[in-house]
Each structure stands twice: as C-alpha cells, then as structure tokens.
Amino acid sequence: MSRFFCLPDLEAYTPGEQPKEGQYIKLNTNENPFPPSPVMESLLLEKSRHLQRYNDNTCKELTEVFAQYRGVGKENVIFSNGSDEILAFCFLAFCDRSRGICFPEISYGFYQVFAQLFSVEGEKIPLAEDLSVNPRDYYHKDKCILIANPNAPTGICLSLEEVRGIVEHNPSQVVIMDEAYIDFGGESASQLCKEYDNLLVVGTFSKSRNLAGARLGYAIGCESLISDLNTIKYSFNPYNVNSLTQLLGTVSIQEEAYFQECRQKIMETRETFVAGLEDLGFHTLPSSANFVFTEHPKHQGEALFAQLKERGILVRHFPKDKISSYLRITIGTGEEMRIVLKNLKEMVDS
Ligand SMILES: *Cc1c(COP(=O)(O)O)cnc(C)c1O
C-alpha cells in the first residue's frame, strides 16, 4: 500500500484462481464449460474492423433484441461491463448511507466489498438452518435489499411467489434480485417488474451464456429505476460495454437453440453428478445453479479441496463459519464430472 491510499481498511474481493489454460480441470468459478456459439467468430472479425470508432453507448441493437426476448420494453433494460458493475451502480444509486443495505449472511462475497467501498452499512441476515434464504426475514425492512437467487454458494433458489412476497412487503425499498444463475433451474422475477416499481432484476451473460470473458451484465426494472442507473452510468463510464461484447450478446440471444442445448446439458450433468456424490456419502444442497455445494460427513472440506487440487481438479472452498465443511463444485462437461467422481471415490474410500 502506498502512503497515499485513502482506503487502507478496504478488503477487496478475492476472485477464484484463474490458472494457466489446461493446468487443471477448472471447476472453481462457475464458468460455462462450453465455448460460445461458433457463429460469433466471423462476425467478430468484421466488427473488429471498426474498433477505431467509439462503441454505441446506448447498446441499441443489443437492447432491442434482448428486450424483445425478455418481453419487456427497451426502457426497462440497461447493460453493463459484467453484472458486478451494475451491482456497483445499484449501491451508488439506491443505497442511502444513513440506512444501508441488507443481504444474506452467506452469499456472493462482492456484496460486502461494495458495501465497504461505498461506505454503506451492510446488514447480514442469517440463512435458515438448512442454508436457505427465508423470505420472511426480508419483510418490512427499512433499507435496500439484495439477494442472489439462486443464492451463491448454496445454489438454493427462491420461488417466484417467494420473491413476490419480499417485493410486496417492502413497497418503500428497492429489492435487487441478482439472477446470475437463474437459467439453471429457477424462474426469473423479471416478469414482475411490470407490476412493481421497486423490483430490480440483475443478470449476467457470464454463466449460462458462455461469455464470462466478454463481460456483459444487465438489469431489468421499471423505467424510472433504469433511468437512475443510466444517470450513474453516464456519470461514470458511458462507453462501459465495448462493441465486440455488444455483438456477442446480441448473437447469444439469437442463438437460442445453442443456449438451450448448453444449459440443458449442464442441468442433466448436474443431476447425474449429484446422484454420484450421494453414492459416495456426500450431502449436497438442492441446486438450481451450475454448481453444487456439498459436504461429506467423514471428510473436511479443506482437506478434500487440497487433495482434489493435487489431483489436478480445482474447486472452491470457503474457510468461513457454517460452510467450511463444504466444497463448491462448478458443473463442467459430463466427462469432467466423471473424472471428479472417480477421484472423490478414491479419496473417500482410502
Ligand atoms: C458470477 C456472479 C456475478 C458476476 O458476474 P459478472 O457478470 O461476471 O460480473 C454476480 N453475482 C453472482 C451471484 C455471481 O455468482
């Protein structure tokens, strides 16, 4: 740290390890194991011939295609450089410093980092005994509400009606649902945005749309919420979504069959993998995401993590209260998950 740094206490987010390509079976950051649709390649090349010009700061074409796909108006959508950026915009736009924000005690680690960065008090609401989010714990709050749904790293999902309950019982608060993993088995709350002016749904192309490296996130909400987020965007970085990424996002929406195929494969692989884990004595939380959160009664999470790493398999372990016995394992290809099961079998048998 330099002697000039003004935020000496800031604890930055620690991203999962990004090792050299091919060094590990990489199941630690919930990426999609499949590459984006091959259709994108030639289009990207053509687009790259115009990179001397600024990109379209309104993301016009992407917005039109996406809004129609989601059945909302163009004025109900905003894009960002990954959904982390839109979450940062939300903190700036909707979190009053005197009241703060609340989110689940165990959830996406970035929420706490943003709370600290933007000097808003983060109230951490404990999970239920079974590590689920209890919707009633979020009724009648006096501050902004932020929930990952499905939650991370548990994978447990709230139903649409449970989300509606939270939104209805907080008419004076903005309720932000972070739906990074919604396409792997949950039901998006974006359809409720027409009914409630206090609901904002945040999503990303990083997980279900195979585009983690392209950095594309979005928010869906009523026109005035989106307008506020645009005010923040145009006060911070108007050209936040580069032209290649806008193109990739548009093509991803148009390649619906490919999207469905990838997500179906991942969900099927998840079910097979969970059954395999159960045969080995693991207890796995019910996952609606592209990862599972699992523990073994006889083996510690940290030891399993280290042994898997030695065997060339990278997963995620959180040395935190209540979840330190668990591993978070991203669902890769069927072949990758067979290799993981084979290794886990050797480890728990020995
Ligand atoms: C991965 C993830 C994000 C961030 O996604 P990006 O669009 O890649 O920034 C946001 N929220 C949750 C819960 C995530 O797991």
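Buried denotes a relative accessible area under 20%, exposed over 50%, and partly exposed the range in between (1.4 Å probe, protein chains only). All views show a predicted model, in which local features need pLDDT of at least 70 and side-chain atom pairs count only at pLDDT 80 or more, whereas totals for chains, interfaces and linings use all residues. Residues are numbered from 1 along each chain as its sequence is written, and side-chain values use heavy atoms, with hydrogens and water left out.

View 1. Polar contacts are pairs of N or O atoms within 3.5 Å. A nitrogen atom of the ligand lies 2.6 Å from a side-chain N or O atom of Asp178. Ligand oxygen atoms are 2.7 Å from a backbone N or O atom of Ser83 and 3.0 Å from a side-chain N or O atom of Lys207. Of the 380 Å² of accessible area that the ligand has on its own (Shrake-Rupley method, 1.4 Å probe), the protein covers 93%.

View 2. Helices (H or I, at least four residues) and strands (E, at least two) are DSSP runs, numbered from the N terminus.

View 3. Most residues other than glycine have a negative phi. Leu131, in the loop between β4 (122–125) and β5, has a phi of about 70° and is buried because its relative accessibility is 8%. Arg215, in the loop between β7 (199–204) and β8 (217–221), has a phi of about 60°; at 29% relative accessibility, Arg215 is partly exposed.

Technical notes: Polar contact = N/O pair within 3.5 Å; in protein donor to acceptor, adjacent residues only side chain to side chain.
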